[in-house]
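Subject: Structure handover

Hi,

Here is the structure for your files. My notes on what turned up follow below it.

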Amino acid sequence: MTDNPSSQPSQLSLRLSFRPAQAREDFVVASCNELAVNWVDRWPDWPGNGLILYGPSGCGKTHLAAVWQAQSDAVVLSDGALDLQTGRGQAESGSALLLEDVDARLTAVPAWEETLLHVYNAARAAGGSLLMTATRHPGEWCLSLQDLRSRVNALPAAGIEMPDDALLESVMRKRFDDRQMAIQPDLVRYVLPRIERSFSAIHDFVDRIDRVALERRRKVNRALAVEILNPPGRLRRTEGDRDGSGT
C-alpha cells in the first residue's frame, strides 16, 4: 500500500534543497524523491512502525536511508544471512532498525521470510521502527508467508524515481559551486553522458576531479575530466578529447 502524507509541499521543479548525509555528502530533495523524503521526515509517526523505500539502483534510496539512520541512530542489519536471535534482540530493545535490499534477500534465501516476520513483529511490539529498502514495490516481492505479506502490504511504501537530465545537471553544478570550483560552461554537459546516472556517481566524480586538480595543481576543465574518465589503458581518447577544448 502506498500512502501519502497528509500535507504535501508544492512542486519543487528545479528549486533544490540540500541536507547533510553520510560524511560530507549532500542529499538532494526534488520531485523524484519528494514523497520519500516526506515519509522519512514523518518518523517516528509511521503507520505500523515501518516504512519501505523502493526504487532502481542509483536513485538515492540508500543515501536517504543513511540520512534517516543518522537521525534515528538506527541499528543497521546488514549481514546477508541475518541472524534470527540477533535481529529479534535488537528489535525487542525498541531500537530503530534499518534493513536494506530486502527483495534481493528474499529472492536469494526464501527461508529468510520467517526471520523478517519475527524481526518486524518484535520491533512493533517494542515500539521500535523498521525502515526497509528494496528495488521493487513490495507488491512484487516473493512472499509465501501470508502473515508477512499482510504486514508488508499494510506499511507505507514510497517510490523513488531516477533523476532526469536537468536535475542531474543542476546537482553537478551545485556540487562544483559548493566546493568553490570555477568550471567552463560545457564541462557538466560533457561529463554527464559519460558517468552513471546517479547522485552518488556525481559526488564521486566531483570529489575525484577536485582532489586530482589540487594534487597536480591543474585547472578543473574538460582536459582533466577526460583523463579522469579515461585513465590510461581503459579507453582511447577521441580527437575531440585530445584537443583539450574547454581549457
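Which residues form one aromatic cluster? W43, W46 and W68 do.

First, the ground rules. This is a predicted model, so local features need pLDDT of at least 70 and side-chain atom pairs count only at pLDDT 80 or more, while totals for chains, interfaces and linings use all residues. Residues are numbered from 1 along each chain as its sequence is written, and side-chain values use heavy atoms, with hydrogens and water left out.

Aromatics

The structure holds two aromatic pairs. Rings of Phe, Tyr and Trp (its six-membered ring) pair if their centres lie within 6.5 Å; planes under 30 degrees apart count as stacked, over 60 as edge-to-face and the rest as tilted. For W43 and W68, the ring centres are 6.1 Å apart and the planes sit at 85°, so this pair is edge-to-face. W43 lies in the loop between α1 (34-42) and β3 (50-54), and W68 in helix α2 (residues 61-72), so the pair ties together parts that are 25 residues apart in sequence. Helices (H or I, at least four residues) and strands (E, at least two) are DSSP runs, numbered from the N terminus.

W68 is buried, at 0% relative accessible area. W43 is partly exposed, at 22%. The cut-offs: buried is under 20% relative accessible area, exposed over 50%, partly exposed in between (1.4 Å probe, protein chains only).

Salt bridges

The whole structure has eleven salt bridges. Each is a side-chain nitrogen of Lys or Arg within 4 Å of a carboxyl oxygen of Asp or Glu.

D103 bridges to R136, with the closest N and O atoms 3.3 Å apart. D103 lies in helix α4 (residues 102-108) and R136 in the loop between β6 (129-134) and α6 (146-154), so this pair ties together parts that are 33 residues apart in sequence. D103 is buried at 2%. R136 is partly exposed at 27%.

E169 bridges to R173, closest N and O atoms 3.1 Å apart. Both residues lie in helix α7, four residues apart, about one turn of the helix. E169 is partly exposed at 23%, and R173 is partly exposed at 25%.

R218 pairs with E227, again through a salt bridge, with the closest N and O atoms 3.1 Å apart. R175, R179, D207 and D210 are linked in a salt-bridge network.

One more residue

S170 is in helix α7 (residues 165-178). S170 is partly exposed, at 21%. Its C-alpha atom is 9.2 Å from that of V188, 18 residues away along the chain.

Best wishes
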